[in-house]
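Subject: Structure handover

Hello,

Here is the structure we talked about. Please open it first, then read my notes below.

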Amino acid sequence: MRKDGEILIRPGGTAERYWSEIWAYRELFAFFAWRDVTVRYKQTFLGICWALIQPIVTMVVFTLVFGRLAKMPAEGLPYPILVYAGVLPWQFFSTALSGCSGSLVSNANLLRKIYFPRLIIPVSSTVVALVDFAIAFVLLGVLMGWYGIMPGPEIVALPIFLLGAMLTSIAAGIWFAALNVKFRDFRFVVPFVIQLGVYLSPVGFPSSAIPDRYRFLYGMNPMVGVIDGFRWCLLGGKISVNWGAFGCSMLLVLILLALGIRHFRRVENSFADVV
Amino acid sequence: MILAESLGKRYILQHNPDKASYRTLRESLVSGASRLLRRPTDEQLRGEFWALRDVAFRIDEGEAVGIIGHNGAGKSTLLKILSRITEPTTGSVRLRGRVASLLEVGTGFHPELTGRENVYLNGSILGMTRQEIRARFDQIVQFAEVERFLDTPVKKYSSGMFVRLAFSVAAHLEPEVLIVDEVLSVGDAAFQQKCLERMKEVVRGEGRTVLFVSHNMAAIRLLCPRVITLDKGGVVGDGEATAVIEQYMDRVLRRAAESPECYSTANRVGFRNAQSALIPADGGLSLQLSLDIFGEQQGPIGIGIEITTQDGTRVSTQGSLMTHFNASVGERAIFTAPRIDELLSPGRYLVTVWFVKDKMLLRETGMLSFELPYRDLYGTGSELNVRHHGPVPIRWNATREAIHA
């Protein structure tokens with residue numbers, strides 16, 4: 001049973017007990033995540049293989065374009081592995097971001113009919129990306145075995161970078177999700193951001209390709225630190241993480257997240273009227 | 001306990017019907033810029049609309065209250081505020097306990113998931129915990145009569161099965177406050193009866209606070225000792241069910257005489273020029289109803305007709321699912337019932353008209369009504385009438401004979 005007690009409904013008022021209410025709805029959170037995961041590959045012919053096809057094809061294309069044609073440095077690693085270790089967090093980020101951004105609009109029917117803390121929807125929609133990530137991660141293990149690369153003790157730090165990618169996608173995602181309800185323009189903005197972002201982040205090349213004096217500035221893109229971090233954890237010490245830049249970019253993400261939640265709370269009560 | 005004080009809800013109306021309620025960024029930027037230049041924008045020209053204004057009432061624990069009113073009287077808005085889907089513009093509501101609202105059965109059902117999965121998903125959306133759902137799972141499935149199809153995706157269900165399962169989940173909620181909107185209009189007659197029974201249990205047996213919105217006066221009277229009438233966003237009647245319903249019916253008739261058309265702003269369709277006529281034919285009277293459909297809805301619209309007596313007892317309901325009758329905007333729909341005088345007792349009847357297209361678009365009672373004239377069925381000089389003798393004028397052939405032992 002959810003918590004009993006008096007509820008006061010008034011204009012602009014969900015201030016008290018906001019977070020404890022979200023906690024009380026944690027089961028619904030799990031159900032939404034479960035629903036999205038279950039439904040994702042239903043009625044597709046290749047089913048769960050899609051979670052592998054996308055990163056593999058991206059890996060092949062980027063290896064050809066950046067490795068062979070542009071002859072980017074490979075840091076002494078096989079180029080496909082270098083790319084795949086970058087594609088993995090990027091794919092997670094982009095899947096989570098696009099799911100999160102569209103989540104409120106695609107659940108419009110629920111928003112119009114049922115009450116629950118609205119924040120559950122965008123956050124739970126990122127869980128799907130986590131499942132895809134896990135599947136694609138298994139393939140990375142296979143690839144590393146093939147190339148005979150063993151991860152060092154750095155691998156224990158991997159969850160930090162995964163968390164970084166998750167926070168980044170949620171921070172941007174809840175802004176887009178809330179704005180998308182009112183301005184459907186963001187339906188076009190998000191794919192555009194993702195499309196550009198793959199070139200602005202070191203997905204197809206190592207960030208050592210960036211001149212040193214721009215590295216810190218480049219590191220303000222939170223996905224730079226995340227992708228460098230993934231490579232560092234998995235592929236050993238030849239790749240370095242600019243910790244200062246990573247810390248700063250995560251601070252920016254946290255600020256964006258806090259502002260995003262504030263904005264979300266300010267507009268969530270009118271979702272049902274506008275969506 | 002529910003305590004509402006000076007509750008109000010304002011919507012900004014948009015006169016351009018092509019636009020959806022969401023806006024494009026460009027519009028916002030343009031109107032923002034012109035606001036800076038102090039020019040009137042379309043926002044100011046749009047006008048506002050109070051769906052609810054100064055509504056106040058108090059409902060005690062365990063009370064079952066019916067809420068009635070026309071389309072656009074503010075019923076749905078009130079329910080949406082009470083169930084916290086939208087927030088009020090003014091005023092406040094205090095309520096105690098867990099609130100569950102059934103504003104439409106089947107909300108949150110996912111077509112790709114199986115019946116079993118949907119029961120869990122929907123139950124959780126409606127506010128049950130997983131344990132509660134598990135405990136009631138068999139009851140829910142049994143009530144819905146879908147045991148054999150539990151592991152079939154619900155997109156393969158017939159619409160009847162779907163509705164039964166959806167209602168069944170909802171019917172087994174156990175919140176302190178239950179808010180119900182028109183769910184009894186689903187399924188076939190037998191299932192509707194079952195739903196009514198279940199509602200009665202909830203109201204009487206389990207002693208929950210129930211708010212029940214319906215156009216079905218008979219169901220309201222059956223379930224709710226107290227009724228609140230809303231009109232134009234305000235409370236115009238509150239009290240003992242029979243009295244309030246009667247008062248409402250009077251109001252319905254008066255309003256029909258005054259206003260020439262009925263229009264749903266939400267669904268952008270309505271009818272006007274509604275006329276009923278009793279036409280001499282085949283040695284008796286035929287009833288002819290006609291109405292002109294207008295608005296912006298595209299394509300064929302199913303039209304349903306219901307006849308009720310003045311105290312809200314249903315005499316006959318027939319929807320487009322049964323008749324397959326459709327008409328479109330810009331057309332006049334004409335319904336003729338031959339020899340109505342043989343079917344109904346003399347007296348006054350109200351006609352409810354509804355439009356459907358995938359969902360209910362509009363439902364209106366009282367714009368159309370008719371009165372069958374005095375009739376002396378047996379030639380005895382005694383008048384037959386619907387108030388005292390019921391709506392069906394059976395003309396008994398009474399004979400007698402001696403009993404031969």
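In which loop of chain B does Glu145(B) lie? Glu145(B) sits between α5 (130-144) and α6 of chain B. Helices (H or I, at least four residues) and strands (E, at least two) are DSSP runs, numbered from the N terminus.

Some ground rules. This is a predicted model, where local features need pLDDT of at least 70, side-chain atom pairs count only at pLDDT 80 or more, and totals for chains, interfaces and linings use all residues. Residues are numbered from 1 along each chain as its sequence is written, chains are lettered from A and ligands numbered from 1 in the order in which they are written, and side-chain values use heavy atoms, with hydrogens and water left out.

Loop residues

Most residues other than glycine have a negative phi. Glu145(B) has a positive phi, near 60°, and is not a glycine. Its relative accessible area is 42%, so Glu145(B) is partly exposed. The cut-offs: buried is under 20% relative accessible area, exposed is over 50%, and partly exposed is in between (1.4 Å probe, protein chains only).

Lys232(B) also is not a glycine, and its phi is positive at about 50°. Look for Lys232(B) in the loop between β8 (226-231) and β9 (234-240) of chain B. Lys232(B) is exposed, at 69% relative accessible area.

In chain A, see Ser240(A), in the loop between α11 (222-235) and α12 (243-267). Ser240(A) is partly exposed, at 44% relative accessibility. Leaving aside neighbours within four places in sequence, Ser240(A) is in contact (heavy atoms within 4.5 Å) with Arg215(A) and Asp228(A). Gly229(A) is 11 residues from Ser240(A) in sequence; their C-alpha atoms are 7.8 Å apart.

Chain B overall

Chain B has 12 helices and 18 strands. Of its 405 residues, 49% count as buried.

Cores

A nonpolar core is a set of buried Ala, Val, Leu, Ile, Met, Phe, Trp, Tyr and Cys residues joined through side-chain atoms within 4.5 Å. The largest has 143 residues, and Phe116(A), Val210(B) and Phe212(B) have the most contacts inside it. Helix α4 (residues 79-106) of chain A gives the largest share of this core, 15 residues. A second, separate core has 27 residues, including Phe271(B) and Leu368(B). Leaving aside neighbours within four places in sequence, the contacts of Val210(B) include Glu63(B), Leu178(B) and Met199(B).

Helix pairs

In chain A, helix α3 (residues 50-69) packs against helix α7 (residues 127-147) at about 50°, with the axes 8 Å apart. Axes are lines fitted to C-alpha atoms, for helices over the stretch in contact, and angles run from 0 to 180 degrees between N-to-C directions. The angle makes α3(A) oblique to α7(A). Angles under 35 degrees count as roughly parallel, over 145 as roughly antiparallel, 65 to 115 as roughly perpendicular and the rest as oblique. Residues of this contact include Ile56(A) and Met59(A) of α3(A) and Ile135(A) and Leu139(A) of α7(A).

In chain B, the axes of helix α4 (residues 115-125) and helix α6 (residues 159-171) come within 10 Å and cross at roughly 40°. That makes α4(B) oblique to α6(B). Gly115(B) and Val119(B) of α4(B) are among the residues in contact, as are Leu165(B) and Ala166(B) of α6(B).

Best wishes
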